[in-house]
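Here is a short briefing to read alongside the model. Take a look at the fold before you start on the points below.

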Amino acid sequence: MRSAISRSLRSALSSKCISDHHLLLRRGFASEASPDRKVTVLGAAGGIGQPLALLMKLNPLVSRLALYDIAGTPGVAADVSHINTRSEVAGYVGEEQLGQALEGSDVVIIPAGVPRKPGMTRDDLFNINAGIVKSLSAAIAKYCPNALVNMISNPVNSTVPIAAEVFKKAGTYDERKLFGVTTLDVVRAKTFYAGKAKAPVAEVNVPVVGGHAGVTILPLFSQATPKANLPEDEIKALTKRTQDGGTEVVEAKAGKGSATLSMAYAGAIFADACLKGLNGVPDVIECSFVQSTVTDLPFFASKVRLGKNGVEEVLGLGPLSEYEKQGLESLIPELKASIEKGIKFANQS
């Protein structure tokens, strides 16, 4: 009896794996039809970098995957290189190999730096990660100035302006090609809203605008689909939970880490959207923290249409509820200060 059950379970799992693999290929392109694309992950041996490397290895749109870190990358590269998907994997370690990792890259994803630990402020994060982002951006300007740059390293509200200033100094800045990855805010907003709205999570969409830290994160639940007409107290609670999602995970891990797995997933989703845009797939729309004229601030997260040059169009905010209008007003000063902090740091030396 037991062997019959295990046989049928193995058979079911096998057919599920095959159908999932075909679904993955259908979601992108069949690999034969896709152009060659090189993706580089900077910080690939870290808590976000390793699961992100795995997820990018599974993406059929990637033909070459370059993994870079200051230590430990050869092991990560050897591990994921055994996975039977399209991309060829190479690991690079140390500053002297950074140029090789970057050369010819179409998309560069940057999860490098330290994660947030309990009791750490975003200022503490800034003091460590700002310098890392500055030096990596200088290398990108030198070795792959036309790549789409996906910034994950926190605080994104400051690291994106740092990268922009570095690229400007190098004469390579193209505002269409620099993105702050805010996809995790969208992923959380979708998940939390689906739970309250009793809606299938795969069908839920929620735009999230503003920035990528605390109160600067503004989910627009009034524009969520499918529409659920939740009471205002539930909307407020959902907003707060989305804003505090990172802290929720940091506390749950009790000092042992931050939101590494969900961030890797969100990073992979956004990189996939960038690759589809580069490959000419129409109407690829994601939220991202980019150079923007949607508000008076130089950078702002909102929906963007992705295409062959990166940002094809920055979309407006659409109609906001009174609660969202208040949220927008109150996030502006904090986001402005974070942006200015990044610009000041980049121009100090």
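Where is Lys 198 found? Lys 198 sits in the loop between H7 and strand E7 (208-210), where helices (H or I, at least four residues) and strands (E, at least two) are DSSP runs, numbered from the N terminus. Please keep in mind that this is a predicted model, in which local features need pLDDT of at least 70 and side-chain atom pairs count only at pLDDT 80 or more, while totals for chains, interfaces and linings use all residues. Residues are numbered from 1 along each chain as its sequence is written, and side-chain values use heavy atoms, with hydrogens and water left out.

**Backbone features in loops**

- Lys 198 has a positive phi of about 55° although it is not a glycine.
- Lys 198 is also exposed, with a relative accessible area of 72%; here exposed means over 50% relative accessible area, buried under 20%, and partly exposed in between (1.4 Å probe, protein chains only).
- Asn 229, in the loop between E8 and H8, is another residue other than glycine with a positive phi, near 50°.
- At 68% relative accessibility, Asn 229 counts as exposed.
- The loop between strand E8 (217-219) and helix H8 (232-243) also holds Pro 226, and the peptide bond from Thr 225 to Pro 226 is cis, with omega near -10°.
- A cis peptide bond also joins Asn 154 and Pro 155, with omega at about -5°.
- Pro 155 belongs to the loop between strand E5 (148-151) and helix H6 (156-170).

- The largest pocket has a volume of about 670 Å³. On a 1 Å grid over the protein atoms alone, a pocket is an open set of points with protein on both sides within 12 Å along at least five of seven lines, a cavity is a set where a 1.4 Å probe fits but cannot get out, and lining residues have an atom within 4 Å of a point. Grid points are joined across faces, edges and corners, and a volume is the space filled by probe spheres set on the points.
- Of the 40 residues that line the largest pocket, the closest to its centre are Ile 48, Val 114, Pro 115, Asn 154 and Ser 258.
- Two or more lining residues of the largest pocket come from each of strand E2 (64-69), helix H5 (122-143), helix H7 (183-197), helix H9 (245-252) and helix H10 (260-278).
- H5 gives the most to this lining, with 6 residues.
- By class, the lining of the largest pocket has 18 nonpolar, 16 polar and 6 charged residues; Ala, Val, Leu, Ile, Met, Phe, Trp, Tyr, Cys and Pro count as nonpolar, Asp, Glu, Lys and Arg as charged, and the others, Gly among them, as polar.
- The whole structure has 1 cavity of 30 Å³ or more, and the largest cavity has a volume of about 70 Å³.
- Residues lining the largest cavity include Ile 140, Cys 144, Phe 167, Tyr 173 and Lys 177.
- The lining of the largest cavity divides into 9 nonpolar, 1 polar and 2 charged residues.

**Aromatic pairs**

- The count comes to 4 aromatic pairs, taking rings of Phe, Tyr and Trp (its six-membered ring) as paired if their centres lie within 6.5 Å, with planes under 30 degrees apart called stacked, over 60 edge-to-face and the rest tilted.
- The rings of Phe 126 and Phe 345 have centres 5.6 Å apart and planes at 80°, so this pair is edge-to-face.
- Phe 126 lies in helix H5 and Phe 345 in helix H11 (residues 322-346), so the pair ties together parts that are 219 residues apart in sequence.
- Phe 126 is buried, with a relative accessible area of 6%.
- The rings of Phe 289 and Phe 299 have centres 6.1 Å apart and planes at 35°, so this pair is tilted.
- Phe 289 is in strand E9 (residues 284-291) and Phe 299 in strand E10, 10 residues apart.

**Cysteines and Ser 302**

- A search of the whole structure finds 0 disulfides, a disulfide being a pair of cysteine sulfur atoms within 2.5 Å.
- For Cys 274, the nearest cysteine sulfur is that of Cys 287, 13 Å away.
- Cys 274 is buried, with a relative accessible area of 1%, and Cys 287 is buried at 6%.
- Ser 302, in strand E10 (residues 299-307), is buried with a relative accessible area of 0%.
- Leaving aside neighbours within four places in sequence, Ser 302 is in contact (heavy atoms within 4.5 Å) with residues including Val 209, Cys 287 and Leu 317.
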